[in-house]
Amino acid sequence: MKTITVKESLLLFVLIVGVNTISWAQSKDYRSQVLFMYNFIKYINWPAETETFVVGVVGDSPIQEELKRLALIKKTPSGKSIVVKIINQPAEAGNCSMIYVPDKQSKEIANIVAQIKSYPALIIGERDGLVKKGAEISFFTQDDDKLGFTISRKNMDSKKLKASGELLRLAELAD
């Protein structure tokens with residue numbers, strides 16, 4: 001019987017962890033999240049008029065590719081182009097209309113909230129519970145494995161963002 005060396009066991013561990021991480025990332029339904037995000041654009045009123053609708057993504061996330069596909073084929077309901085921007089530092093979030101915070105970047109939410117303060121940018125968290133930390137919307141998985149979202153009306157009001165009644169009826173309300 002052959003014994004496994006430390007080097008071989010370390011390589012096996014890295015392969016197992018890598019495969020599990022890749023399959024977990026692929027199991028996320030980013031396409032559904034992007035469709036929800038597009039509907040947020042349709043059912044939320046922003047007080048500031050801009051020439052383009054900038055969707056910022058904090059750090060690196062697989063959702064970027066889905067958002068870029070959306071931006072190629074869709075415009076906002078008012079005819080604005082959708083632009084996807086990668087946010088590497090919280091200071092880069094200032095000109096975004098919508099900011100997506102991936103789960104692995106959720107520790108940055110306080111910095112992003114502080115950076116944009118009352119600027120009318122909708123912050124969307126991939127992870128449940130981020131509305132308690134300043135996001136206006138956060139996604140969660142329902143018991144039947146369908147995607148759901150929580151809205152904080154208090155956070156939205158502080159930025160003068162107005163969600164339609166239809167959107168609020170579909171959401172779980174945080175406050």
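Author: Two strands pair if DSSP finds at least two bridges between them. Helices (H or I, at least four residues) and strands (E, at least two) are DSSP runs, numbered from the N terminus. This is a predicted model, in which local features need pLDDT of at least 70 and side-chain atom pairs count only at pLDDT 80 or more, while totals for chains, interfaces and linings use all residues. Residues are numbered from 1 along each chain as its sequence is written, and side-chain values use heavy atoms, leaving out hydrogens and water.

Reader: What makes β7 and β9 a pair, and in which sense do they run?

Author: Two bridges join them, and they run parallel. The cut-off is at least two bridges, so the pairing counts. Thr 150 stands opposite Glu 172 in β9.

Reader: How do you know which strands are the edge strands?

Author: Take the open sheet of seven strands, with order β3-β2-β4-β5-β6-β7-β9 and mixed pairing. The edge strands β3 (81–87) and β9 (172–173) each pair on one side only. Strand β2 (residues 52–58) pairs with β3 in the parallel sense, over seven bridges. There, Gly 56 stands opposite Lys 85 in β3.

Reader: What does helix α2 touch when it packs on the sheet?

Author: Helix α2 touches β2, β3, β4 (98–101), β5 (122–125), β6 and β7. Contact means heavy atoms within 4.5 Å. The direction of α2 makes about 155° with that of β4. Such angles run from 0 to 180 degrees between N-to-C directions, with axes fitted to C-alpha atoms, for helices over the stretch in contact. Helix α3 (residues 63–73) also packs on the sheet, touching β2, β3 and β4, and its direction makes about 160° with that of β3.

Reader: What joins β6 to β7?

Author: Five bridges join these strands, which run antiparallel. Phe 140 stands opposite Gly 148 in β7. The two strands form a hairpin with five residues between them, and Asp 145 in the turn has a positive phi of about 70°.

Reader: Why is the pair of Phe 36 and Phe 149 called edge-to-face?

Author: Rings of Phe, Tyr and Trp (its six-membered ring) pair if their centres lie within 6.5 Å; planes under 30 degrees apart count as stacked, over 60 as edge-to-face and the rest as tilted. The structure holds six aromatic pairs. In this one the centres are 5.5 Å apart and the planes stand at 70°, so it is edge-to-face. Phe 36 lies in helix α2 (residues 30–43) and Phe 149 in strand β7 (residues 147–151), so the pair ties together parts 113 residues apart in sequence.

Reader: Is Phe 149 buried or exposed?

Author: Buried means under 20% relative accessible area, exposed over 50%, partly exposed in between (1.4 Å probe, protein chains only). Phe 149 has 3%, so it is buried. Phe 36 has 24%, so it counts as partly exposed.

Reader: Why is the pair of Phe 40 and Phe 139 called stacked?

Author: Their planes are at 20° and their centres 6.1 Å apart, so the pair is stacked. Phe 40 is in helix α2 and Phe 139 in strand β6 (residues 137–141), 99 residues apart. Phe 40 is buried at 0% relative accessibility, and Phe 139 is buried at 1%. Phe 36, Phe 40, Phe 139 and Phe 149 form one aromatic cluster.

Reader: Which residues of helix α4 are buried?

Author: In helix α4 (residues 109–116) they are Ile 109, Ile 112 and Ile 116. They cover an arc of only 65° around the axis, so they sit on the same side of α4. The arc is that of the directions from the helix axis to the C-beta atoms. The buried residues of α4 pack against β2, β4 and β5.
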